[in-house]
Structures are given as C-alpha cells and as structure tokens.
Amino acid sequence: MTLNAFAEARRFEAVVAVLDRHGRDPSKLIPILQAVQDEYRYLPEEIMTYVATALDVSPAKVYGVATFYGHFSLEPKGKHVLKICDGTACHVKGSGALVDALRSELRLEGKAKTTPDLLFTLETVSCLGACGLAPVLVVGDDVHGLVTKDEALRIVRDIKRAEASDGGN
Amino acid sequence: MSGFVTIDGIKVPIEGEPNLLALCRKANIDIPTFCYHSELSTYGACRLCLVEINGKDIDASCVVPPKDGMSIRTSTARIRSIRRMNLELLLANHKQDCPTCERSASCKLRDLSAKMGIRDVRFKRLRDERPKDEGSVALVRDPNKCILCGDCVRYCSEIQGVGAIDFAFRGSDVVVSPAFGKSLGSVDCVNCGQCAAVCPTGAIVPRSPAEAVWQALDDPDAVVVAQVAPAVRVAIGERFGLAAGADATGKLVTALRMLGFGRVYDTAFGADLTVAEEAGELFGRLERGEKLPLFTSCCPAWVKYAEQFFPELLPSLSSCMSPQSMMGSIIRDDEARRASSSAALPSSAAAGALGAGTEAERVKGGVAKRIVVVSIMPCVAKKYEVSRPELARDGSPLVDHALTTEELASMVEEAGIRFADLRPGAMDLPFGFATGAGVAFGNAGGVAEAVARYVGSPVSPLTGAALEFKDEAPGGGIRAATIIAGGRELTIVSVQGLANAKTVARGVLDGTRKADIIEVMACPGGCVGGAGQPIGFKLGAVAERRLGLADADGGRELRASGSNPFLSRFYADVIGGAPGSQRSHELLHTRYSSKKRIQDTSIPLIRGGGAEKVTVKVCVGTSCFLRGSQAVLRDVLAEVERTGLQDFVDVSATFCSERCDKGPTVHVGGKTIHKADAEAVMAAIRPLLAHPAVAAEAAAVSSR
C-alpha cells in the first residue's frame with residue numbers, strides 16, 4: 001500500500017508539470033490533454049475540470065475537444081489494449097468476425113470497450129497501414145498479422161493466464 | 001470598402017456591411033439562415049444563405065465580404081435546389097413533433113421548410129434518440145430537435161462569456177452538450193436563456209410553469225397575485241399583432257384579471273423600492289468609507305455569474321433583493337397582515353402586528369386562502385431566482401412561479417382572450433403604482449438612471465434622462481456617466497452582456513476600473529431583450545421595446561422613485577423607518593455565496609490505508625488556484641511524504657469550498673483553514689492523528 005500511496009499524487013503533480021511546461025496556454029489544450037492521458041491512460045472528468053480551470057477555458061470546451069478526437073478516452077482503458085484493424089483490407093479479410101469472437105471471449109456487452117476488471121480494452125481502428133498482413137491485431141505494442149479467430153483467442157487467453165498467476169503472488 | 005454590388009440586377013451601395021448577407025438584407029431580400037446572427041461570430045454552418053457570385057461560384061453570403069463590382073444572384077434554380085436539399089437533410093434528423101412543440105409557432109426550421117416548399121423528406125433518420133435534459137429549473141434541452149447551427153454555443157461563450165454548452169463528439173454523433181454530458185442544472189449555466197432565444201427550433205426552451213399557474217387559478221381556496229415586470233408591457237403585444245414597443249399595460253392587466261388573477265401589481269413598484277434601498281446602501285458605504293463600486297444585483301444571471309466566477313466581488317454586490325423578490329416578499333407580508341387583521345382595520349393599524357400571521361399559521365387556522373404569487377417576467381433566469389433557498393421564507397418561496405412574457409401570452413391565447421381588442425384595466429394599489437424610474441428599470445442603463453434620479457440628479461428636458469452615457473465598448477456594451485450627488489462626483493457604469501461584465505469585473509479587481517456604481521444586465525438591451533420575451537422573426541424588436549419603455553417612463557408625471565407616494569407610505573406604515581433599517585433588511589435584502597462551476601468533482605490524491613485517517617481537502621478552484629492553492633497542495637504532499645503520514649491521511653483536490661474570498665481554502669477533518677499554507681495544514685493534521693507511531697513521529701517533527 002505504502003508503495004502506491006503517492007501514485008495519485010504523483011500523477012496529479014505530473015499534470016501540474018504538464019500545465020507549467022505549456023505555459024498554461026489555452027491553445028496548447030490538445031498536447032496538454034495528450035500528456036494527461038499518458039499519465040492516467042484516460043481523461044478523468046475532474047482532471048479535465050482542473051485543466052479547464054488552469055487554462056481559463058470552459059469545461060464544456062475541454063469536453064468538446066476530448067470527445068472530438070478518437071485518441072482521447074473518457075473511460076479508464078484496460079491494462080491490455082487490443083486494437084483490431086477495420087480498414088478496408090482487414091475488413092474484407094474478416095476483421096468483423098475477429099471482433100465478434102473477442103467481444104464474446106471478453107464478455108463485452110452493448111457498447112462496452114473495456115472489461116469490468118480493467119484488464120482488457122478492445123478497440124477497432126481504421127487502417128494501420130499493414131494491409132499486406134490483413135487482418136491485423138495489435139496487442140499493446142505487438143503487431144500480429146494474418147490473425148485467425150483461434151489465434152486471437154489464444155493470445156487473449158495467454159494474457160489472462162499470465163495475469164491470473166501474477167495475481168497469485 | 002465602398003462601391004456597389006449588383007444584387008439580382010439592382011445596384012446596392014456598400015456602406016460598411018460586413019458580408020453579402022447584410023447587404024442583401026439592406027436590399028430587402030430575406031436570405032434564409034439559421035446560424036447567422038449579426039451580434040455573433042459568423043459560422044457558415046447551415047449553408048442556407050448561399051448566393052451565386054459573378055455567375056459561377058456558389059458561396060455562403062454570411063462569410064463573403066462585399067466587393068465593388070460584384071454581381072450576385074440570390075435565388076437561382078441551383079440555389080433553390082441546394083437550399084431545399086439542405087433543409088431536407090436537417091429535417092431528416094429532426095424530431096418532428098411539431099404540433100406539440102413549444103416553439104411550433106416560432107420555429108425557424110418549420111418556417112423555412114414551408115417557405116422553401118419542402119413537401120417530403122426522402123431521407124430516414126439516422127441519429128439515435130437522446131434523452132432530454134430536465135435537470136435545470138429554468139431550461140429544458142431536447143437534443144433530438146437540435147440542428148447543430150451552434151447559435152446557442154456561440155451566444156453563451158461570446159456574449160455571456162460562460163461557455164456552459166459546446167459541441168461534443170464528432171461526425172454523425174455531434175451533440176451540443178454541457179461539460180461531461182451533465183445537465184444544465186449542474187454546470188456553470190447562468191440561466192439567462194439566450195440559448196433558447198437564439199435557437200431556431202425547440203432544442204432548448206424555457207421550463208414553463210404554466211400548468212401549475214392554471215391549477216392555482218382554478219383553485220377556489222387560492223388567491224393568485226400577479227406582479228408584472230416593466231419590460232413585459234412593451235413586448236407582449238408582439239404576440240397579438242401589436243407593434244414591438246407598444247405599451248400594452250392596460251390590456252395586460254385586463255387579460256390577467258380575465259385569467260383569474262385576484263390582484264395585479266407592478267414589479268416596477270419593487271424597482272422603486274430597490275432604488276431606495278440600493279441608494280441607501282450606496283450612501284451608507286460612502287459614509288462608512290467602505291469599498292466601492294457597488295454592483296447591482298437585480299439580474300439573477302449576473303448574480304449567479306458573479307457567484308461562480310468572481311466570488312471575491314460578492315461583498316460588492318448590493319444585498320438588495322431583485323424587484324421580483326422584493327415584490328414577492330412585500331406581497332406575502334401584506335397578504336398576511338390583511339388576513340390576520342380583521343377586514344375593518346385599516347392597513348396601517350396592522351403594521352405593528354408584523355410576523356404574527358405567517359402564511360402557515362393562517363392555513364392551519366383554516367380561515368385564509370392560500371396566497372400564490374406569480375411573476376410575469378421578460379427573463380428566464382428569474383425561474384432560477386425563485387428557486388433559490390436564500391429567497392424563501394418559512395420554507396416557501398417568496399415567488400411561487402415565474403412566467404415569461406411568452407408563456408403568459410400562450411396562456412392568454414389558450415384562454416381564447418382576444419388581447420389586442422381588450423379595454424385597458426388598472427393595476428391594484430398600493431403596489432401597482434410606479435414612477436417612470438421604476439418602469440425604466442427594464443432598459444439597460446435604467447437601474448443606473450433610476451439611482452441617479454433618486455439621489456437628485458435633474459432630468460434633462462431634452463433627453464428625458466439624468467445620465468449622459470458615453471460608450472466604452474462597441475454597441476454600448478459598456479457605458480459610463482458621472483453625476484454629482486451629496487457633494488461628490490459619482491461614476492456610474494452600465495454593462496450589458498456577461499462577457500462585458502467579465503472585462504469590467506477584472507478591471508475592478510486589478511484597480512484599472514474606477515466606478516462607484518456598476519449596473520450589470522446579462523441580456524443585451526437589458527430586460528427588454530430578455531430571453532423570456534416573445535420570439536419573432538422580426539429584427540430590431542429589442543430596439544423598439546427600448547424606445548417603448550423609455551416612452552412609458554417619459555410619459556409619467558412622477559419620474560423619480562423618491563416621489564412615489566405609495567413608497568413613502570410603505571416606509572412609514574410597513575417598514576417603520578428609512579431604507580436600510582432593520583425591518584427593510586428582514587424584508588428586502590438577501591445574501592450570496594460562491595458556487596462551484598461543475599458539481600460533484602474532486603481529485604483523490606492520497607487514500608490512506610490506515611484505519612484512522614484525517615481527511616484533507618485542498619481547494620483548487622479558480623479563485624483558490626489564483627491564490628496559490630497549487631503550491632500549498634504540493635507542499636502538503638511533500639510534507640506528508642517526508643513525515644511518512646501517507647497511511648493516515650486522505651488527501652484530495654476539490655473545486656470550490658465556497659469561501660473563495662479567503663482562499664486558498666483547505667479542510668482538515670471538520671476544520672476549515674483560510675489563507676492556508678502547508679505549515680498551517682500540517683499543524684492541523686497532527687493533533688488529529690490517533691495512531692501512536694504517528695503521534696510519536698508527529699511529536700518528533702514538531703519538536704524540530
């Protein structure tokens with residue numbers, strides 16, 4: 001506990017440092033939000049309100065910018081982010097079926113992208129530029145090409161198993 | 001730019017028009033548009049104001065400046081076809097519940113669809129149904145009717161300087177929304193309602209209490225008392241074919257009586273009362289050498305704005321209730337005394353029995369009727385004002401319902417009353433009699449003018465006014481005048497629009513703005529331009545209303561509030577003293593408190609693992625932030641880490657502890673520390689820690 005006690009405080013200090021680095025310039029809102037998201041893995045509402053206060057722009061404007069760009073997430077993302085390419089080539093090569101299989105494996109319902117235990121986030125992205133490898137699945141920074149449904153499921157189950165044994169420690 | 005533009009074959013001189021659309025209007029051509037408002041920035045989004053330029057390009061006329069020699073056509077087959085297509089696409093995603101929509105009669109989308117001859121919408125709706133926002137006491141938002149013209153967004157940020165709503169998401173998901181998808185009732189919206197007034201459809205509308213008013217009018221055990229604000233009388237006629245600015249006071253009174261109102265009073269009497277109290281406050285401050293300027297507090301949108309954005313100025317806001325609330329207060333007091341004294345007693349004899357007959361007691365006694373006070377206001381923010389807990393007595397609001405001009409006009413229509421043909425009626429005494437100054441309250445500058453007349457400035461026979469304002473911002477958004485009163489020169493500033501108020505308030509704070517009285521009205525033009533006034537397609541109605549109200553003032557025999565005989569009698573009989581006396585404070589004054597911009601936000605920073613924890617909340621809201629709360633927070637965190645107290649504290653950053661004038665504000669346990677620094681915070685934390693190890697550590701630290 002003691003180890004992580006300052007995690008939140010450190011992050012908040014990092015936000016303050018980001019604001020200072022950009023001179024609290026409202027025109028730097030986007031790089032500021034990017035840096036905040038690097039800290040938190042998403043954009044918490046209260047931090048956006050803080051950023052708005054610090055930059056003297058309205059919270060509604062910050063919310064507008066944060067929801068405009070697909071890069072920003074307003075919900076906590078999972079520890080492992082799975083990106084399935086749904087560009088033209090991958091789509092033709094069956095990325096839709098991959099999405100369906102993974103959503104059912106991760107028990108994601110409705111519009112949910114992240115599992116309740118915050119372990120996985122599943123996103124579809126437009127073209128990754130690796131059309132020769134379609135369909136493409138990116139897990140964290142690892143790119144998996146020519147992915148089959150079984151292979152995608154195996155990757156996810158491996159992560160689950162590793163996490164389960166980690167959790168035992 | 002000078003020269004000529006040929007519009008549909010007619011040469012039209014360029015006389016400073018900023019764009020082709022304005023030039024076309026001058027040439028008596030109505031170019032259809034949703035998103036162009038001359039007082040807002042041009043947006044060019046609705047693509048209806050298209051014109052053909054020099055026989056080839058088709059462009060939005062709102063964004064093209066006129067150039068000498070240009071030749072444009074405004075209604076070619078191609079333009080008509082594009083306009084129709086655009087309208088059809090807008091209609092496809094518009095919730096078409098027109099027969100039951102509040103804005104049915106004043107909807108620009110419906111109007112233009114009819115004018116452009118749309119008979120069929122070929123496209124199906126793609127947007128998902130979104131929930132209505134019912135969380136505000138003043139406004140209701142229905143995003144399903146929004147056509148994304150952005151008028152509300154630009155008005156809120158450009159004219160009012162608030163930015164409570166903005167575009168969120170993108171592409172087909174775009175929606176106009178308050179921050180974080182919250183309700184307008186939980187964000188920094190000041191309820192001015194101008195978003196609803198500029199909305200071309202029914203996507204934002206004032207929340208109407210008409211149904212509750214009907215019920216009260218139908219209740220045989222209720223006496224429904226109306227009070228009518230000054231600006232209403234010169235606008236309500238617009239709904240019934242009378243000219244904008246025509247004074248319809250007499251017809252309005254008759255209509256209210258026909259609807260079943262038991263008594264009809266003039267909020268302008270409350271304005272006269274406000275002038276007396278506010279002038280008393282001003283001179284009291286001058287005598288005591290207290291800080292000036294005194295800001296007016298009649299405008300509820302300005303009051304909420306100040307509470308959110310300039311809490312350090314709250315002590316400078318006049319403690320006077322607005323005329324609406326003063327009226328509610330004295331009407332209730334008067335009705336209570338009427339009921340508690342027998343009918344034979346003259347009202348002055350009952351003055352000593354104040355407080356003896358509260359409404360609750362009378363209802364318990366089963367003798368008296370229920371009093372329902374209904375105000376008729378040009379204003380949407382008045383709906384918020386009547387809901388304020390500070391403006392309630394014995395648990396019930398001073399004013400039960402605030403109807404807008406528009407809402408009352410709809411009730412008159414519903415009752416089948418032919419307003420335009422009514423014979424005039426007169427208001428009831430004593431609160432139905434007002435001076436010209438009270439009536440002029442509805443115009444921007446009117447409150448300042450009334451105060452000037454009250455303190456004895458002579459009214460110029462030529463202008464009919466005591467003040468000669470000089471413009472300091474375009475369009476008269478900030479104006480200043482000086483008068484001599486009590487041997488001193490007083491500077492009076494009149495401000496319209498809250499963005500202008502922000503400029504002036506900042507000037508006051510940094511010492512660059514010298515003034516003695518600052519009148520702020522959120523709506524341009526003043527209350528005559530309020531968002532509760534009839535919505536029409538006619539441009540320039542606000543200017544007509546301003547003239548109409550100035551005439552209503554100028555035509556009175558008594559022009560200064562101090563000359564109102566019923567006001568003198570009120571002070572003698574009811575207050576039993578002068579303005580500013582104890583009784584007038586009880587009846588006519590209120591207080592303000594700083595408010596959060598966004599509700600329910602705090603940032604958890606340290607969550608201690610121990611069983612016994614001290615809660616530490618450091619405010620990082622705007623005002624505390626400027627006073628250095630960030631440094632305090634950093635130092636406290638460093639100190640917690642250095643002393644190893646992290647398991648025994650819960651530290652969070654919060655927004656607005658609502659004592660902004662004394663920031664940075666830090667809460668430690670149940671204690672509040674003003675003007676806090678890290679040392680004071682740590683000193684407050686240590687005694688609260690029960691843990692022996694910590695106590696020892698704390699002792700070690702403090703002995704250093």
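## The sheet of chain A

In chain A, strand E1 (residues 80-85) and strand E2 (residues 120-125) pair in the parallel sense over six bridges. Strands here are DSSP runs of type E with at least two residues, helices are runs of H or I with at least four, and both are numbered from the N terminus; two strands pair if DSSP finds at least two bridges between them. This is a predicted model, in which local features need pLDDT of at least 70 and side-chain atom pairs count only at pLDDT 80 or more, while totals for chains, interfaces and linings use all residues. Residues are numbered from 1 along each chain as its sequence is written, and chains are lettered from A and ligands numbered from 1 in the order in which they are written.

Four strands of chain A form an open sheet of mixed pairing, in the order E2-E1-E3-E4. Because E2 and strand E4 (142-144) of chain A stand at the edges with a single partner strand each, one side of each has no neighbour in the sheet. From one strand to the next, the twist averages 20°.

Helix H6 (residues 95-105) of chain A packs on this sheet and touches E1, E2 and E3 of chain A; its direction makes about 155° with that of E1(A). Axes are lines fitted to C-alpha atoms, for helices over the stretch in contact, and angles run from 0 to 180 degrees between N-to-C directions.

## Domains of chain A

Chain A is assigned domain 1 (7-68) and domain 2 (80-168); such bounds come from an automatic or database domain assignment. The C-alpha centres of these two domains of chain A lie 29 Å apart.

## Where the chains meet

Contact joins 24 residues of chain A with 35 residues of chain B, two residues being in contact if their C-beta atoms, placed from the backbone, lie within 7 Å. On the chain A side, helix H1 (7-21), helix H3 (45-55) and helix H4 (59-68) each supply at least two residues. By class, this side has 13 nonpolar, six polar and five charged residues. Nonpolar covers Ala, Val, Leu, Ile, Met, Phe, Trp, Tyr, Cys and Pro, charged covers Asp, Glu, Lys and Arg, and the others, Gly among them, count as polar.

## Chain B as a whole

Chain B has 23 helices and 25 strands. Its C-alpha trace spans about 90 × 70 × 55 Å along the principal axes. Of the 704 residues in chain B, 51% are buried. A residue is buried if 20 or more other C-beta atoms lie within 10 Å of its own, exposed if 12 or fewer do, and partly exposed in between, with C-beta atoms placed from the backbone.

## One residue of chain B

B:Ile29 lies in the loop between helix H1 (20-26) and strand E3 (50-53) of chain B. With 17 other C-beta atoms within 10 Å, B:Ile29 is partly exposed. Apart from neighbours within four places in sequence, B:Ile29 is in contact with B:Ile7, B:Cys24 and B:Thr74.
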